[in-house]
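This report describes selected features of secondary structure and packing. The sequence and the three-dimensional structure are shown below.

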Amino acid sequence: MQKIVVVGAGQAGASLVAKLRSLGFEGEVTLIGAEPVLPYQRPPLSKAYLLGDMALERLYLRPESFYADNNITLRLGAEVTGIDRAAKSVQLAKGAIDYDALVLTTGSAPRHLPAAIGGALEGVHVVRGLADVDAMGPEFGEGKSVLIVGGGYIGLEAAAVAAKKGLKVTLVEMADRILQRVAAPETSDYFRALHQSHGVDILEGVGLTRLIGDTRVSGAELSDGTTLEVDFVIVGVGITPGTDLAEAAGLEIDNGIKTDALGRTSDPAIWAAGDCASFPYRDGRLRLESVPNAIDQAECVAENLLGAEKTYVPQPWFWSDQYDVKLQIAGLNTGYDRIITRAGDKDGAMSFWYYQGDTLLAVDAANDPRAYMVGKRLIDGGKSPAPDLLADPATDLKSLLRA
């Protein structure tokens with residue numbers, strides 16, 4: 001194998017090409033990205049970068065010199081228009097690039113509001129890429145009114161930034177509670193109280209009927225009949241995997257680009273990793289949207305490109321920063337039927353432990369790094385302390401690791 005081409009210059013793509021070189025691959029490596037900037041971190045966009053606490057250069061995963069020093073060809077600001085699987089070439093707006101192996105790390109795209117309800121008006125923003133955040137940055141003037149649509153982690157992080165900057169913040173969540181899709185009611189309650197303590201008006205069980213405005217948004221009509229005046233809107237209603245290129249090439253799709261346990265797609269010369277890829281997990285399939293998964297899966301694919309035949313087994317973890325609270329999550333909570341709540345050592349520190357029967361599935365730790373560390377080690381090691389033992393405040397968490 002002499003030519004490896006990677007399409008998608010986000011966390012997964014950048015991790016993969018770096019891993020190839022660290023493993024000693026000496027063939028041609030090309031990394032193609034649609035954005036005209038070096039591969040960068042996305043999580044700080046909706047936090048430190050939007051707040052103005054992080055400069056652009058600090059977002060970059062690696063300096064430009066890294067790619068030159070490691071003989072990695074960067075094709076930035078380049079649109080991939082198609083894949084010719086028979087010829088083993090990637091079609092660009094200008095020219096084509098041949099490959100022996102192709103890796104799709106095409107990430108995901110934010111869902112937009114339909115134009116029919118005002119989604120295309122000026123002043124309506126999503127949070128995904130650098131350009132999105134640069135476009136909304138000037139909107140954050142003290143005293144302005146912002147409507148945030150969606151009570152997931154992206155919406156809540158944006159609400160925290162807006163509140164810290166002195167804006168009037170209203171957040172609407174169509175479901176019965178914020179974080180309903182991803183967290184237990186106990187975690188929702190914790191973050192609802194946190195945001196309300198910072199002046200955010202959270203409306204749950206309330207949807208957006210339409211946005212009001214001629215060319216620019218000026219208001220919003222909600223499903224409960226309320227009409228709000230707004231200066232701008234941030235939409236955080238989820239993402240969709242970047243499968244368009246793979247679909248057009250005839251690759252199998254199953255909640256993302258379908259891969260086997262090694263990361264190979266239905267075409268043996270094409271692989272996938274990161275937000276865009278689904279892989280076998282337990283008795284089904286899984287697609288993870290997280291930085292740790294993008295890194296670990298991409299590095300596993302890099303090893304397998306060089307013949308390792310290594311099954312990808314995720315050890316999921318996530319995080320979210322809101323105000324002065326760092327939420328750390330270990331494991332996957334799907335199927336839980338019981339929550340154990342523990343207070344941490346410091347004021348406001350809490351952890352929520354997800355059980356299915358007697359099996360520990362996941363932990364949400366808010367400003368409680370010890371609970372997160374212990375929980376992650378237990379989950380990664382397949383250990384489940386007795387729920388009653390964990391529920392006892394007198395139990396020393398670290399003692400659970402020795403059980």
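The model is a predicted one. Burial here denotes a relative accessible area under 20%. The buried residues are Gln11, Ala12, Gly13, Ala14, Ser15, Leu16, Val17, Ala18, Leu20 and Arg21. Their cover includes strand 1 (3-7), strand 2 (28-33), strand 3 (72-76) and strand 7 (101-104), together with helix 4 (64-69) and helix 9 (291-305).

Helix 1 comprises residues 11-22 and reaches 16 Å from its first C-alpha to its last, close to the 16 Å expected at 1.5 Å a residue. Gly24, which follows helix 1, has a positive phi, near 95 degrees.

An open sheet of 5 strands is arranged in the order 9-16-10-11-12, and its pairing is parallel. Strand 9 (124-126) and strand 12 (201-204) form the edges, each pairing on one side only. On average, neighbouring strands of this sheet are turned by 20 degrees against each other, direction ignored.

Within the sheet, strand 10 (residues 145-149) and strand 11 (residues 168-173) pair in the parallel sense over 5 bridges. Val149 has Val172 of strand 11 as its bridge partner.

**Helix 6 on the sheet**

Helix 6 (residues 153-164) packs on the sheet and touches strand 10, strand 11 and strand 16 (232-235). The direction of helix 6 makes about 165 degrees with that of strand 11.

Notes:
Residues are numbered from 1 along each chain as its sequence is written. This is a predicted model: local features need pLDDT of at least 70, side-chain atom pairs count only at pLDDT 80 or more; totals for chains, interfaces and linings use all residues. Side-chain values use heavy atoms; hydrogens and water are left out. Two strands pair if DSSP finds at least two bridges between them. Helices (H or I, at least four residues) and strands (E, at least two) are DSSP runs, numbered from the N terminus. Axes are lines fitted to C-alpha atoms, for helices over the stretch in contact, and angles run from 0 to 180 degrees between N-to-C directions. Contact means heavy atoms within 4.5 Å. The expected span of a helix is 1.5 Å times one less than its number of residues. Buried means under 20% relative accessible area, exposed over 50%, partly exposed in between (1.4 Å probe, protein chains only).
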